[in-house]
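I opened my notebook to look up a few things in this structure. Here is what I jotted down.

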Amino acid sequence: MRHSLRFLVLNNNILVVGGAGYIGSHTCLRLAEKGYKPVVYDNLSNGHEEFVRWGVLEKGDIRDRQRLDEVIDRHRPSAILHFAAMIEVGESVRDPVAFYDNNVIGTLTLLSATLAAGIDAFVFSSTCATYGLPDSVPIDEMHKQAPINPYGRTKWICEQAMKDYGLYKGLRSVMLRYFNAAGADFEGRIGEWHEPETHAIPLAIEAALGRREGFKVFGTDYDTRDGTCVRDYIHVLDLADAHVRAVDYLLAGGESVELNLGTGTGTTVRELLTAIETVAKRPFDVAYVGRREGDSTTLVANNDKARQVLGWEPQYDLAAITESAWNWHSRRNG
């Protein structure tokens with residue numbers, strides 16, 4: 001039986017699957033600030049229990065249908081946000097089976113539990129990796145989806161499932177295609193913490209802090225303004241804000257939609273390193289090596305649709321990203 005609109009409006013519980021991770025925990029912070037009650041569901045394989053600060057923690061795996069049913073029945077959430085995925089592109093090439101098992105089978109299990117509970121509001125953490133190598137930039141939501149690695153393909157498959165579930169089962173979903181998430185809570189309570197770390201900003205900061213041997217730049221002969229790749233870095237709190245707006249949108253009756261989340265501004269790797277040197281107030285060793293297979297020259301979002309549908313607008317620039325990230329990483333023990 002489907003929940004009534006009255007029930008949806010009165011219940012502020014939101015199930016945040018993967019809410020102990022990087023983007024999920026920042027979204028819980030924003031949900032709590034907006035009057036929602038986050039309920040975190042996480043197996044802590046990539047998340048951190050100390051990041052669960054704005055709601056209860058229910059330990060569980062997204063492939064465990066019985067556990068999902070128990071938690072959903074206990075908390076009766078009005079909407080579900082799904083962040084629980086394996087995300088490292090290189091690892092997806094080395095171990096595609098694990099990615100299909102967690103990202104696809106896990107998502108389908110979660111979707112089945114969602115439908116069985118009569119919940120029709122679902123926000124999905126997707127990625128610009130579903131587009132593959134871009135034909136043109138900035139990339140809008142009409143760009144063809146042709147992912148080039150197992151990670152991107154698993155996310156694309158989940159998007160297709162959500163669209164079919166919408167057409168035939170009444171699920172309403174917002175699919176949010178992230179560009180490069182970065183930065184941290186400005187108070188330093190939570191931040192980017194992956195093991196192992198593979199993202200550019202934390203790697204460069206760790207090099208500046210002397211916690212690793214330098215930083216590698218892959219490729220200096222790209223057709224860009226300084227020869228290095230261009231990426232669209234979006235502050236994690238801007239991403240979190242978009243998720244809260246997506247919840248508001250669905251609970252107000254909004255229809256399924258896919259949206260890019262990026263700033264629309266590209267930053268080269270050299271420009272990124274300069275910004276980090278500025279905030280670190282110290283140079284660090286940088287090695288320039290050959291291109292890495294599968295890297296796109298330029299990935300920049302056209303975010304017009306997210307602005308129109310959600311009234312969302314990024315608030316933070318590259319300086320805010322690097323300053324908040326430096327604050328978080330420098331406070332932590334190496």
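I started with arginine 63, which is partly exposed at a relative accessible area of 34% (buried is under 20%, exposed over 50%, partly exposed in between, with a 1.4 Å probe and protein chains only). This is a predicted model, where local features need pLDDT of at least 70 and side-chain atom pairs count only at pLDDT 80 or more, while totals for chains, interfaces and linings use all residues. Residues are numbered from 1 along each chain as its sequence is written, and side-chain values use heavy atoms, leaving out hydrogens and water.

I found the side chain of arginine 63 in a salt bridge with aspartate 101, at 2.7 Å from N to O (a salt bridge is a side-chain nitrogen of Lys or Arg within 4 Å of a carboxyl oxygen of Asp or Glu). Aspartate 101 sits in helix H5 and arginine 63 in the loop between strand E3 and helix H3, so the pair ties together parts 38 residues apart in sequence (helices, H or I of at least four residues, and strands, E of at least two, are DSSP runs numbered from the N terminus). Aspartate 101 is partly exposed too, at 29%.

Next I looked up helix H2, residues 22–33, where 10 of the 12 residues are buried. Threonine 27 lies in this helix and is buried, with a relative accessible area of 0%. I noted a polar atom of its side chain 2.9 Å from the backbone oxygen of isoleucine 23.

Just after H2, I saw glycine 35 with a positive phi of about 95°.

Note on methods: The expected span of a helix is 1.5 Å times one less than its number of residues. A polar contact is a pair of N or O atoms within 3.5 Å; within protein, one must be able to donate a hydrogen and the other to accept it, and residues adjacent in sequence count only if both atoms are side-chain atoms.
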